[in-house]
Amino acid sequence: MNADHDHLSEWTRLSRRGFLSAATIAALTGCSGLRTTRSGAPPVAGNFSELDATGEGGIDLVLERGPLQIGGGIGNAITVNGSVPGPVIRMTEGKEAVIRVHNRMGESTSIHWHGILLPFTMDGVPGISFAGIPAGETFTYRFRVRQNGTYWYHSHSGMQEQLGLYGQLIVVPAGPDPVAADVERTVVLSDWTFEDPHAVMRKLKTMEGYYNFQRPILANLGQEMEIRGMDLGGVLASRAAWNRMRMDESDISDVTGATYKYLINGRTADENPHIRAEPGQRVRLRMVNASAMTYYDVRLPGLPMTVVQADGQNVRPVEVDELRITVAETYDVVVTMPADRAVTLFAEVMDRSGYARATLSPMSAVAAEVPERRQRPLLTMADMGMLHGAGGHAGMAGMGDHDSQGGMAGMAKHADHAGMDHTAAGAGAHAAQGATLAVTGLPDRRQHGPADHGPGSITMGHSMAYRRLDNPGLGLGDDGRRVLTYKHLRCLTTPADRRAPTREIDMHLTGNMHQYIWGFDGKKWSEADVLRFRYGERLRINFINDTMMNHPLHLHGMWMDLYAGHAYSENPRKHTVNVQPAELVTVDISADAPGQWAFHCHLLYHMEMGMFRTVAVVRSVTEGVANADH
Amino acid sequence: MRITDVWPTHVVLAWLLAVGLPAAEAAEEKIPRDHAHHPSGAEEAEPVGPKLPQGMTLDEVLDRAAQAPPDGFPDAINDNAIFSYAVLDQFEYRVPNHGEERLGWEGMAWIGYDYDRLWIEHEGERSVEGSEHGETETDLRYSRLVTAFWHAQGGVRYANDWADDVYADTWSVVVALQGVVPYMVEVDTSLALSEDGDLWFEAEGEYDLRVTQRLVLQPRADFSLFAQDIPEQHVGAGLGPVDLDVRLRYEFTRRFAPYLGIRYHVTVGETADLVEAAGEKTEQLVFLGGLRIAW
C-alpha cells in the first residue's frame, strides 16, 4: 500500500479506500456492488485502485458493463473493479501472479497481459490461447513473472478495449532498479467514444473518411500552402496528384476527435486530471497508450524528459522534448519538477483533432497553461515511398505528368536498387534458410508491393519502402523540438539471446482504405495460413508498409529485437513496433515460446478487419494446420 | 514504495544523471564496441527454459501448437462480418424551365462481405400534379470486388412506367462495373440487354468537390448509348439523353445532407428528332432541391 500514498491524489485515495473494501466484498459474496455509489449516480472514470497480483492470495478483477461518468457524459463502459482505466496491477519479478477474472457481463471476455512472457494458455486471446471467459464465469490467470518494467493489460475480445477494458501493469524488478526517481506516476492515455464501437466500425466500413473533418477543401488551400511551403499552383498540383492516385493526403487517423474524447487516466483535458509532483522531485512517468486508435505526441512544455524505458525494457537514457507514443507502446520518462510552477503534460493526437492533458503539481485544482495547438500534418510523397527529390515535402507538382497509375513511373528506374541482397522479393512471406544473416548495415530500402496483393491492397507497386529510423513521424521534427525516434533506443543491458538470425521472411502491411480491408500480403486473417516459427530459431521479419497509414504491430509471447542500426547487442527489444507509411522495419525474434500466439496491428479496427495472424511456434515450419480459422 | 526508499541506487543514479543522449553518443565513438554494449557491466539475467502451461511437457505444447484450435474456441477476430449500406443519393423536387414539375429519386444499397455482395440500384421519377404518371428502374445485382477500386456486377433489371391506365414493364439482364477512376471520379457503368432484344450502355460519373468540411459541390454526368432505336422510349440509336447535374449539399452529418442543384438535360441526333416529334423540348434546365440520406 505504501506506493499508493504517492500514487494518487489525496481525494482519490480517500474515496478509493472505501471503494476497495466494497470491491473485496463484492468479489467474495458474488454480488455486484461495484457500480453504484452512495448517491446512486454512476461511478466516475479515473478512480482506479492499485493491486498486487503477486501478493499473498492473488487478486480479483471484476468486469462489469454499465453507465460510467466518462468524457464529460455518461457512457456505457466496461469497468474493471468499477473504473476505467482498471486498477494499476503490480507484480514482482520472479514471483507467481494469480489473477481471478470475474466476468459479470452478458458477453464473453478476456484479458491479455500485453508484453508479458508467459505460457501461451495464459496469454488471454480467445480462439488462440483459450476459449475466452464466458458470461458469468471466472477464469484464473496464474503465471510466474519473468521480467520487469511497465506494461499494460486489455481485453482481446471483440471491441471491448474501446469500451474501457484496460489498465496499467507494473512489474517491479527483483533486484535494484537502474532507474532513479523520487516518485512514480501512472499515465494511461486512451480514447473514448459514446458511440457503440460496432457502429464506429460500420461507418468506417461503409463511408470512407467518415470521421475526417480535416480534408483538403477549397477553404483550406491557404493552410495547405503554409503546411507544405508551396505556392497555390504547387498545392493544386499536389491535390490533383493525390486525387489521381485515389488517395486522401489528410487520411492520418481513421477515428478522430469528431467522435473521440481523449483521456489521461480516464479524464478529459477539460477535467484536467491531476498528477501529484512536488517541486524538485524527479518524477518517473510510466506512460501507456491504451488507445484503440490514437497516436499521442507527448510533451511537457518547457521541461525536457529523459526516456529510460521503452515497452518495459530499460534503455540508455535519452533526453528529448517530445515523443510519439504509438498505440500499445509504453514509455517511462523521468522529469524533474521545476521549483516554481505547475507543468502541463500535453498529449496531442497525431492528426491534431484533439488532445489530452494533465497537470503535474503539488496540489490538485491547479491548471497549468495549455500550449498552443499545432496544425495538422498532411501525408507527403515520402509516405508513399518517394523519398527522392525534395525530401518529401515538395516535388508533388510534377506528379501529374507521369503516366503510370499513381504517377510512379519515375520510380521504376530505381527498382534495380531494390532487390539488394534479397533476390526473392516475390509475393508473400518467402523464406531464405540456412546461413547466418547480417546483423548490421542492412539495406535501407525495399520495393513496395508487388502490386499483385489483390483487391485487399492498394499498393504503390513501383515505389520504395525505406528505413526511416531517425524519422520522428508525420508532423514531428521540424519545429526545433528534440523528438524521440527509434534510432535513439538502445537497450541498457544486452538480452541473453542475440544470435544472428538464420531465416528471414517479408511481410507486407496491406490495406484497402476504400473498403476498409486490412491484412498482410493482401490477405485477412480468415484468408491466411498460420505463420510458423520454428521452436528455438532466430527469425528475421522485414515489415514493408505498402499502405499510407501507420501500423503498430504487436507480437504476443516473444520479443521483437528492433533493428535500429546500432551494434547488434544494442538494438532495443519491443513488444509493439510502429511501422510508418512506406517504411521498412526489420525485427529479429527468438522463437523461444512454444504454442500459438497472436500477431496483429494494434489499431483495434484494423485488427478486427483482418490485420492479424496466428503465429504457431512449432517443431518444423512445414508441419501443422493450414488455417487457424476452422 | 518509493524506489529510492527501497533500493539505494546511487551509482546508477549518478550514471543516469551524467549520461544524457549527446554524451552517450559521443562516448560510443570512443569506446571499443565490446565494451560499449554493456553499459551496466552485466548481461541481463533471464530465466531459462520455455514458458510451458502447467501440467504440459514441451512435446505436448509443440504438438498442440501444430494443430488447429480445439473445438469450442471462437474465431480470434471477426474479419469476415456482413455489413450493409444504403444511400438515397437523390430525393428531390425537379422544376424544369418548361414542362411539369416532378419528384425524382435515386439510390443504392448493398449487403454482404468485403468481396461478395448483393447490390441494389433503384431510381424513379413521378408526376406531382395533373395526370398520374411515372417510371422506375431497379437492378438486383451480385457484386464482386475484383480489384482494389472496382466491383464487377451482374444481375437483372426491372423497369416500369405508367400513365393513367397504361402500364408497361421490361426485364433486362445487366452487367456492370462500379468503382473509382483516377482523380477520384466515382463511376457506374452498365450494359443492359432487354427481353425485347434492345441493347444499351449507361454511364454515370460524379465527383465531390469539397468547399468546406461540410459543404460539397458535386458535378455529375449521366448518359446512355443505344444500339438501336426504341421509339416508345423516344430514343434513337446512338447517344441517348444526357444529364449534366451540379448539386451543392450541406452535410449536417455524413448521413443527412439537404441540397440545391441544377440539371442540364439535352438530347441530340436521332433521339432529339424523336423527342421533337413527340412535341417535347430537346433541351431543359431543371432546378433541383432535395435530400441525401444514408443509412
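**A walk through chain A**

A:Asp311 counts as buried, because 27 C-beta neighbours sit inside 10 Å; buried here means 20 or more other C-beta atoms within 10 Å of a residue's own, with exposed meaning 12 or fewer, partly exposed the range in between, and C-beta atoms placed from the backbone. This is a predicted model, so to speak of local features takes pLDDT of at least 70, side-chain atom pairs count only at pLDDT 80 or more, and totals for chains, interfaces and linings use all residues. Residues are numbered from 1 along each chain as its sequence is written, while chains are lettered from A and ligands numbered from 1 in the order in which they are written.

Back to A:Asp311: its phi is positive, about 50°, although the residue is not a glycine. You'll find it in the loop between strand E15 (305–310) and strand E16 (313–320); strands (E, at least two residues) and helices (H or I, at least four) are DSSP runs numbered from the N terminus.

A:Tyr516 also isn't a glycine, yet its phi is positive, near 55°. It sits in the loop between strand E24 (503–512) and strand E25 (517–520), and counts as buried because it has 23 C-beta neighbours inside 10 Å.

A:Pro85 lies in the loop between strand E3 (73–80) and strand E4 (88–92).

Strand E4 takes us to an open five-stranded sheet, ordered E1-E4-E9-E8-E6 with mixed pairing; two strands pair if DSSP finds at least two bridges between them. Its edge strands, E1 (50–52) and E6 (112–114), each pair on one side only. Inside this order, E8 (149–154) and E9 (166–172) run antiparallel over six bridges, and A:Gly149 has A:Val171 in E9 as its bridge partner.
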